[in-house]
Amino acid sequence: MGAANHQIARGAVFSPVSAPASSIATLAWFTLAVTAGIFLIVLGLLLYSVVRFRARATDEPREPAQLYGSNHIEFAWTAIPALIVFVLVLTTIRTIYDVQAAREPPGAIHVRVIGHQWWWEFQYPDLKIVTANELHVPLSDPAHPTPTWLQLESADVAHSFWVPRLAGKTDLIPNRINTMWMDPRQAGIYLGQCAEFCGTEHAMMLIRVIVEPRPAFDQWVAAQRLAAGNPKVEGHGKQVFESNACVNCHSVRGTSARGTYGPDLTHLMSRQTLGSGVALNTLEHLKIWVGDPGRMKPGVLMPAMNLSQNDLDDLVAWMVTLK
Ligand code: CUA
């Protein structure tokens, strides 16, 4: 990973860098422009009438002549809004069609996204890798697009996957499979967030999408496929991990840990953050996190293991070798 890849790209819905997000943004600008035009015309006519026809001291003190029924005016204020609505409906249907009926080109990357309370599981079935909270996708070349196709599922309650600069939000619903896609045209780290209230830590169910040039993506894939960490670093920390309940929820390839309830930790240190974006992934933060996860993320489903300071230090020292 190059240094440029660590830059978090700011911006939101109005600065899209990927196909579905850009068609949605275009539609939003168009709708805003039409409605802003209507607002200005109506406000202009209203202000004109208020000023032009205001009560004057010279007016006779009686009600002005009352007018009823004008076919021309009634026709105009029915037909023009109907036409405007018709145009907005057509452009919206066209955008929905562009997004939802898009054909998957050969070479698309497939990711199975599983929402959990409160983290994201990313499985790449074709590439045989599993990671969490930080989705890596290749930069798509306009000449040979390599979009990423996401299959969205939930392990518990409804969640919603939303990275505003890449695509619209799509819900993850238990016992149902939804799909969405993204075709990013600018490298960078894009932030997202669960967009459906899913419990205590909904606000700390963050997403990072790392869009990187194809060679960097392939390198990341190759590294993720390797076995865990440094086999030379065995020692006490690994024993602490394997002899505690950690293994019931987490997997680390090459150890006895095969749990699937929590994130796969095989390449834990390849991730920038921990706890689904709650803190940067550093040795100090890991110590606080593993020692008492609820201190960083109240309500988190990972329990505090009440390890001795010595066990905790050794465990975290081993964890940071999971590169
Ligand atoms: Cu998951 Cu909100």
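The model is predicted: local features need pLDDT of at least 70, side-chain atom pairs count only at pLDDT 80 or more, and totals for chains, interfaces and linings use all residues. Residues are numbered from 1 along each chain as its sequence is written, and side-chain values use heavy atoms, with hydrogens and water left out.

**Two domains**

- The chain is divided into domain 1 (109-225) and domain 2 (231-319). These bounds come from an automatic or database domain assignment.
- The C-alpha centres of domain 1 and domain 2 lie 23 Å apart.
- Domain 1 gives 21 residues to the contact, and domain 2 gives 20 residues. Contact here means heavy atoms within 4.5 Å.

**The interface between the domains**

- The size of an interface is often given as the accessible area lost when the parts come together.
- Domain 1 and domain 2 bury about 1,700 Å² between them. Buried area is the accessible area (1.4 Å probe) that two parts lose on being put together, summed over both.
- Carbon and sulfur atoms give 47% of that area.
- In domain 1, Trp119, Glu134 and Gln224 lose the most area to domain 2. Together they account for 28% of what the domain 1 side buries.
- There are zero salt bridges between domain 1 and domain 2. A salt bridge is a side-chain nitrogen of Lys or Arg within 4 Å of a carboxyl oxygen of Asp or Glu.
- On the domain 1 side, β3 (119-124), β4 (129-132), β11 (206-212) and α3 (214-225) each supply at least two residues that touch domain 2. Helices (H or I, at least four residues) and strands (E, at least two) are DSSP runs, numbered from the N terminus.

**Salt bridges**

- Side chains of opposite charge can pair when their charged atoms come close.
- The structure holds six salt bridges.
- Glutamate 153 pairs with arginine 112, with the closest N and O atoms 2.7 Å apart. Glutamate 153 lies in strand β6 (residues 148-154) and arginine 112 in strand β2 (residues 109-116), so this pair ties together parts that are 41 residues apart in sequence.
- Glutamate 153 is buried at 13% relative accessible area, while arginine 112 is partly exposed at 29%. Buried means under 20% relative accessible area, exposed over 50%, and partly exposed in between (1.4 Å probe, protein chains only).
- Aspartate 183 forms a salt bridge with arginine 185, and their closest N and O atoms are 2.4 Å apart. Aspartate 183 is buried at 6%, whereas arginine 185 is partly exposed at 40%.
- Arginine 214 and aspartate 218 also meet in a salt bridge (3.1 Å, N to O). They are four residues apart in helix α3, so about one helical turn separates them.
- Arginine 214 is partly exposed at 33%, and aspartate 218 is partly exposed at 37%.

**Arginine 56**

- Arginine 56 sits in the loop between α1 (19-52) and α2 (71-100).
- Arginine 56 is partly exposed, with a relative accessible area of 40%.
- A polar atom of the arginine 56 side chain lies 3.4 Å from the backbone oxygen of arginine 52.
- The C-alpha atoms of arginine 56 and isoleucine 173 are 63 Å apart. Along the chain, these two residues are 117 residues apart.

Notes: Polar contact = N/O pair within 3.5 Å; in protein donor to acceptor, adjacent residues only side chain to side chain.
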